[in-house]
Amino acid sequence: MEREEKDSKSNSSKISRLLWHGGSVYDAWFSCASNQVAQVLLTLPYSFSQLGMVSGIVFQLFYGIMGSWTAYLITALYVEYRTRKEREKVDFRNHVIQWFEVLDGLLGKHWRNLGLFFNCTFLLFGSVIQLIACASNIYYINDNLDKRTWTYIFGACCATTVFIPSFHNYRIWSFLGLIMTTYTAWYMTIASLIHGQVEGVTHSGPTTLVLYFTGATNILYTFGGHAVTVEIMHAMWKPQKFKMIYLIATLYVLTLTLPSASAVYWAFGDMLLTHSNALSLLPRTGFRDIAVILMLIHQFITFGFACTPLYFVWEKFVGVHETKSLFKRALVRLPVVIPIWFLAIIFPFFGPINSTVGSLLVSFTVYIIPALAHMVTFASATARENAIERPPSILGGWVGSYSMNIFVVVWVLVVGFGLGGWASMLNFIHQINTFGLFAKCYQCPPHKT
């Protein structure tokens with residue numbers, strides 16, 4: 001009898017480890033690939049209508065490469081920080097290292113404060129966007145309730161992510177999430193090709209600079225999903241193996257985003273300018289309903305991905321981060337969800353909000369700050385000589401690294417933050433003037449009587 005009980009506990013433990021306790025290279029890859037595109041998959045055709053087909057494809061490839069480079073920089077800085085601390089006998093067993101702590105340890109409190117502000121603000125609005133997307137998507141299955149009411153409902157559902165302790169515990173969710181985005185992307189591609197071009201379709205983009213740079217910053221946002229890189233790395237058993245994972249994840253994501261955005265734009269053209277959610281134009285079928293449901297589940301997962309680092313920051317501020325009580329940590333985390341819920345109700349602008357967040361927050365969080373931090377950290381000859389992770393010789397070593405970092409900073413500052421910020425803010429203000437704050441049902445078609 002005792003042996004049976006032990007065997008039962010052993011089997012239960014194995015199942016728990018299989019589904020719940022991730023930390024391998026594969027877990028990290030699933031997390032990166034699953035987290036990189038969520039609701040933005042549905043808005044990329046909208047960006048193509050603003051940019052035109054050629055620019056849309058070029059910007060996806062360009063920002064995919066740039067995002068992979070800055071993710072590598074974050075990786076190098078994390079490994080440098082952790083190695084230095086472990087040499088000082090610092091124990092991280094009950095502590096999750098975060099990006100602002102890496103900046104603090106390597107560059108001091110001013111860099112820490114800068115990283116903390118931009119990272120937390122971006123992740124806050126990243127969570128807001130997932131909540132807005134939930135309401136936008138479910139409306140295409142059930143329009144008996146308006147989008148604002150759906151936002152209330154899904155806000156309560158997403159609050160349950162407070163019970164997921166860390167990125168270790170997203171193993172099964174990351175795996176399922178990637179299946180969901182893969183299905184949705186290929187559904188959009190195939191359904192658009194089968195549907196064919198609508199009568200009188202036009203492809204006039206780009207028509208204005210405002211629309212052009214708004215579309216470009218949405219793609220900047222798309223490939224800026226590595227704000228949680230440090231937390232994903234810390235959840236790995238061997239974080240040193242992370243450095244190529246984000247690039248491979250990006251290459252896979254491009255096989256989803258390029259065909260789907262191109263096919264939907266080819267089929268519907270300029271109609272997408274007033275339909276930021278591509279699912280709103282595709283005919284209602286069982287396949288579309290499956291895509292909607294899968295994206296809803298995926299947005300719940302991505303909400304957790306974006307919110308978990310915020311939970312960690314709040315836990316550290318309150319002083320319960322290292323406690324082993326899951327219930328106590330969950331209770332402390334709940335206040336983090338409230339402002340996210342509120343902001344999703346104020347700004348329900350699915351699509352335009354992506355570009356605004358991309359230009360004002362993503363540009364600094366995952367492009368400019370990592371590039372600058374890497375250059376300052378290894379500015380001295382001694383630091384470069386003792387670096388744990390040296391730049392690949394195929395890219396020109398330190399000279400190549402600094403050249404790429406300077407290019408990233410200048411390009412993103414001028415094009416992403418400057419021109420992108422100008423364009424996306426004008427578009428965002430236009431949405432406010434057209435629909436108003438607290439819009440009850442953003443871009444909803446009129447009900448048939």
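Val162 is buried, with a relative accessible area of 2%; buried stands for under 20% relative accessible area, exposed for over 50%, and partly exposed for the range in between, using a 1.4 Å probe and protein chains only. This valine sits in the loop between helix H7 (147-158) and H8. Helices here are DSSP runs of H or I with at least four residues, numbered from the N terminus. From Val162 to Ile179 there are 17 residues in sequence and 24 Å in space, C-alpha to C-alpha.

A word on the model: it is predicted, so to speak of local features a pLDDT of at least 70 is needed, side-chain atom pairs count only at pLDDT 80 or more, and totals for chains, interfaces and linings use all residues. Residues are numbered from 1 along each chain as its sequence is written, and side-chain values use heavy atoms, leaving out hydrogens and water.

**Helices and loops**

Helix H8 (residues 171-195) has 25 residues, and its first and last C-alpha are 36 Å apart, close to the 36 Å expected at 1.5 Å a residue. The expected span is 1.5 Å times one less than the number of residues. After H8 comes Gly196, with a positive phi near 80°. In the loop between H8 and helix H9 (209-222) you will find Pro206, which is joined to Gly205 by a cis peptide bond with omega of about 0°.

Helix H13 (residues 326-346) has 21 residues that should span 30 Å at 1.5 Å a residue, and its end C-alpha atoms, 32 Å apart, agree with that. H13 bends by about 25° at Val332, with Pro335 following within four residues; the bend is the angle between axes fitted to the seven residues ending at a position and the seven starting there. Among the buried residues of H13 are Val332, Arg329 and Arg333.

Lys89 belongs to the loop between H4 and H5. Its phi is positive, near 70°, in a residue other than glycine, and Lys89 is exposed, with a relative accessible area of 73%.

**Aromatic pairs**

The whole structure holds 24 aromatic pairs. Rings of Phe, Tyr and Trp (its six-membered ring) pair if their centres lie within 6.5 Å; planes under 30 degrees apart are stacked, over 60 edge-to-face, and the rest tilted. Here are two of these pairs:

| Pair | Centre distance | Plane angle | Class |
|---|---|---|---|
| Phe59 and Tyr63 | 5.6 Å | 15° | stacked |
| Tyr81 and Phe92 | 6.4 Å | 45° | tilted |

Tyr81 in helix H4 and Phe92 in the loop between H4 and helix H5 (99-107) are eleven residues apart, and their pair links distant parts of the chain. Both Tyr81 and Phe92 are buried.

Phe59 and Tyr63 are four residues apart in helix H4 (residues 53-87), so about one helical turn separates them. Phe59 is buried at 10% relative accessible area, and Tyr63 is buried at 1%. These two also belong to one aromatic cluster with Phe62, Tyr212, Phe213, Phe407 and Trp411.

**A nonpolar patch**

Helix H16 (residues 397-435) gives the most to the patch, with ten residues. Leu426 lies in H16 and is partly exposed at 41% relative accessibility.

Key
Helix = DSSP H or I, 4+ residues; strand = E, 2+ residues; numbered from the N terminus.
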